[in-house]
Amino acid sequence: MTQAAYTTPQGRSCAGCSLCCWLPAIPELNKPSQILCTSWAAGVGCKIYETRPGTCRKFECVYLTSPQLGEHWKPLACHMVIAHQPRANRIVIHVDDAHPDAWAAEPHYGDIRRMAAALYPKNGQVLILSQGMATAVLPDRHKVLGPYSDDKVLVTTETAGPNGPVYDVTLYSEGDPALGALRKQAGAVDRTTPV
Ligand code: SF4
Ligand code: SF4
């Protein structure tokens, strides 16, 4: 969701890529996930860049912003887009429906687990969105959460384990009584920022 001509100091650019205008849903435009936005044009990028919606403005492509991320994360090559949501301290990996298991293969899976190990101690989360399903990647495992939509709430809980904190993530619908109880629980972190 950057301009086609933009190039990072490391030489990375959006040239030829449109995956962030394709894979994520854009609620303001009623654009479903996995469909190219009608405002995208070859050779131009976003045709409404100056007036693009807030979801697009807030989008951070980790491939472009994190030079330490390996070239194997180039969106066009790996069929995934990594987005960082700073307010929720959440990494969301949008996976192309045509390659739904791309995230689970190496070297990507190991990288994702390392991201999880770095983020959860800082109240962060790592989420995979593939074929409409959400999967949380945790430092020690991954957990299928279920069908995802923007009105769902992700809650992280932390318990003491023999080798340090053990994290868990649960997906709730807003209004679920169990969510109200969990929000009062020490060690539970509510992440409501939409994906
Ligand atoms: S996914 Fe990243 S590299 Fe591809 S067009 Fe979007 S911002 Fe550019
Ligand atoms: S409005 Fe522009 S930046 Fe947003 S998804 Fe559409 S083409 Fe991409």
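Trainee: Which residue in β9 stands opposite Ala160?

Mentor: This is a predicted model. Strand β8 covers residues 152–161 and runs antiparallel to β9. At Ala160, the residue standing opposite in β9 is Pro165.

Trainee: And which residue in β9 stands opposite Val155?

Mentor: The strand β9 spans residues 164–173, and β8 is joined to it by bridges in the antiparallel sense. Opposite Val155, the residue in β9 is Thr170.

Trainee: How many bridges join β8 to β9?

Mentor: β8 and β9 form a hairpin, with two residues between them. The strands run antiparallel, and the number of bridges that join them is 10.

Trainee: In what order do the strands of this open sheet lie?

Mentor: The sheet has three strands with antiparallel pairing. Its edge strands are β9 and β10, the latter being residues 188–191, and each of the two pairs on one side only. From one strand to the next, the twist averages 20°. The order is β9-β8-β10.

Trainee: How many charged residues does the shell around ligand 2 have?

Mentor: The residues surrounding ligand 2 number 11, and Cys21, Cys37, Trp40, Cys46 and Cys56 are the closest. By class, the shell has nine nonpolar residues and one polar residue, and the number of charged residues is one.

Trainee: How many nonpolar residues are in the shell around ligand 1?

Mentor: Ligand 1 is surrounded by 12 residues. The closest of them are Cys14, Cys17, Cys20, Cys61 and Pro75. The shell has two polar and no charged residues, and the number of nonpolar residues is 10.

Trainee: Which residues does the cis peptide bond join?

Mentor: Most peptide bonds are trans. Here omega is about 10° at a cis bond. The residues joined are Glu106 and Pro107.

Trainee: What is the phi of His79?

Mentor: Most residues other than glycine have a negative phi. His79 lies in the loop between α3 (75–78) and β3 (80–85). His79 is not a glycine, yet its phi is positive, at about 65°.

Trainee: Why does His79 count as partly exposed?

Mentor: A residue is buried if 20 or more other C-beta atoms lie within 10 Å of its own, and exposed if 12 or fewer do. His79 falls in between, because its count of C-beta neighbours inside 10 Å is 19.

Trainee: Where does Asn89 lie, and how many C-beta neighbours does Asn89 have inside 10 Å?

Mentor: Asn89 also has a positive phi without being a glycine, in this case about 50°. Its place is in the loop between β3 and β4. Asn89 counts as partly exposed, because its number of C-beta neighbours inside 10 Å is 16.

Trainee: What is the radius of gyration of the protein?

Mentor: The secondary structure comes to five helices and 10 strands. The C-alpha atoms fill a box of roughly 55 × 35 × 30 Å along the principal axes. A compact globule of 195 residues would have a radius of gyration near 16 Å, so there is agreement with the protein's value of 17 Å.

Trainee: What share of the contacts with a separation of 6 or more comes from residues 24 or more positions apart?

Mentor: Of the 195 residues in the protein, 30% are buried. Among contacts with a separation of 6 or more, residues 24 or more positions apart account for 48%.

Notes: Residues are numbered from 1 along each chain as its sequence is written. Chains are lettered from A and ligands numbered from 1 in the order in which they are written. This is a predicted model: local features need pLDDT of at least 70, side-chain atom pairs count only at pLDDT 80 or more; totals for chains, interfaces and linings use all residues. Two strands pair if DSSP finds at least two bridges between them. Helices (H or I, at least four residues) and strands (E, at least two) are DSSP runs, numbered from the N terminus. Axes are lines fitted to C-alpha atoms, for helices over the stretch in contact, and angles run from 0 to 180 degrees between N-to-C directions. A residue is near a molecule or strand if its C-beta atom, placed from the backbone, lies within 6 Å of it. Ala, Val, Leu, Ile, Met, Phe, Trp, Tyr, Cys and Pro count as nonpolar, Asp, Glu, Lys and Arg as charged, and the others, Gly among them, as polar. The radius of gyration is taken over C-alpha atoms; the globule rule is 2.2 Å times the number of residues to the power 0.38. Two residues are in contact if their C-beta atoms, placed from the backbone, lie within 7 Å.
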